[in-house]
Amino acid sequence: MSLPRQLRDESDFDQLPDDIPISATVADIEEKKGFTKYYQFVIEVKTKGGSKYLIYRRYRQFFALHQSLELKFSSEAQAGPYSCTLPTLPGKVYVGKKQEIAENRIPELNTYMKKLLCLPTYVLLEDVVRMFFYQSESDSLQIPRALRRLRPPTRRVKTVKATPDLLSSPRAEAVFDFSGSGKLELSLRAGEVIFLLRRVNADWLEGTVRDRTGIFPQSFVKIIKPLPESDSDGEGEGGASRARGGPPAGSYSCLRCYLHQGGSPETRDICVEEDLSTQPSYKELLTLMRESFKLDDIVLNYRDPEGDLIRILDDEDVELMILEGRIHGSQVKRPVNQYPWELHVTMASDLSVYNTEF
């Protein structure tokens with residue numbers, strides 16, 4: 001296994017635990033729907049002990065990691081033996097299409113992670129670094145998709161007509177649907193049995209189903225009978241272990257909203273792919289409400305402990321709303337996946353809502 005150059009001569013590297021990451025590469029990006037649509041980076045991590053897994057990170061998580069490291073290790077923050085030169089993180093971009101911004105960041109983020117993992121061992125052991133590269137339960141339960149940058153060179157894939165032996169042939173069962181891209185990739189439907197022909201690389205297999213032969217990602221299947229050891233590259237069923245868990249239960253969080261537009265307020269529950277502990281920005285919430293209610297000239301509010309509506313004007317107001325929601329929301333029985341704070345949407349021109357007794 002190739003280790004980062006800076007670490008090869010360090011005598012204390014051998015003493016580090018096997019779960020220390022030594023390389024990380026962005027394999028793809030995925031669009032997600034949170035408070036607003038965003039893209040997350042799908043990252044393949046390899047550890048000192050030889051294990052490989054996928055983690056899913058947003059740019060904001062890179063930014064938070066970098067800020068924490070700057071506070072502790074940059075030469076501006078401290079002078080001494082534990083300061084070091086940190087790699088450069090690509091800056092925030094405020095204008096442009098989100099997909100293009102995410103795509104353009106991939107080479108820079110790959111360089112950032114490569115240089116970060118070449119820093120001294122005391123940086124690798126820092127909690128914020130280890131937690132960033134740690135595969136959380138949420139990461140392990142995400143449904144994997146085709147990873148463009150891990151696909152093998154398909155021109156080398158041979159087409160084989162095989163008549164499988166139903167009992168003795170190496171085979172796998174599709175756990176998720178997979179839509180093949182191009183003629184050389186095999187489309188799968190969950191529940192189908194695929195007869196395995198060979199391993200293409202650590203992440204992809206070649207097999208046949210429904211008289212079609214092609215390649216497919218191992219993370220989409222559960223191995224029933226593995227390929228012979230010489231073909232399976234020692235991977236066995238490891239790539240499918242995370243797939244068996246299925247889609248994460250409760251991966252959506254529910255935000256209760258009220259639209260005040262004369263008469264009784266309209267109640268709506270909006271599901272977003274965000275953790276319950278996430279604090280959205282004012283801009284994200286305003287955009288979400290405009291899209292959900294199909295109205296532009298609106299303002300956001302929350303209800304204080306006395307029952308009055310308080311207008312939200314910026315991120316500090318959002319933080320106060322969430323804080324009060326967590327304090328007073330604990331007294332209200334809610335579904336486990338519902339935020340403890342609520343939004344009240346009113347028309348910008350309607351000031352009467354602030355003079356109404358409830």
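**Notebook: strand S9 and its neighbours**

I started with strands S9 and S10 (residues 266-272), which pair in the antiparallel sense over seven bridges. Pairing here needs at least two bridges found by DSSP between the two strands. Strands themselves are DSSP runs of E with at least two residues, numbered from the N terminus.

A note on the source: this is a predicted model, where local features need pLDDT of at least 70 and side-chain atom pairs count only at pLDDT 80 or more, while totals for chains, interfaces and linings use all residues. Residues are numbered from 1 along each chain as its sequence is written, and side-chain values use heavy atoms, with hydrogens and water left out.

Which residue of S10 is the bridge partner of Leu-255? I found Ile-270 there. Next I looked at the hairpin: five residues sit between S9 and S10, and Gly-262 has a positive phi near 90°.

Then I checked strand S13 (residues 343-347), and S9 pairs with S13 in the parallel sense over four bridges. His-260 stands opposite Thr-346 of S13.

Last, I looked for disulfides, each a pair of cysteine sulfur atoms within 2.5 Å. I got zero. Cys-257 is in no disulfide, and the nearest cysteine sulfur, on Cys-254, is 8.2 Å away.
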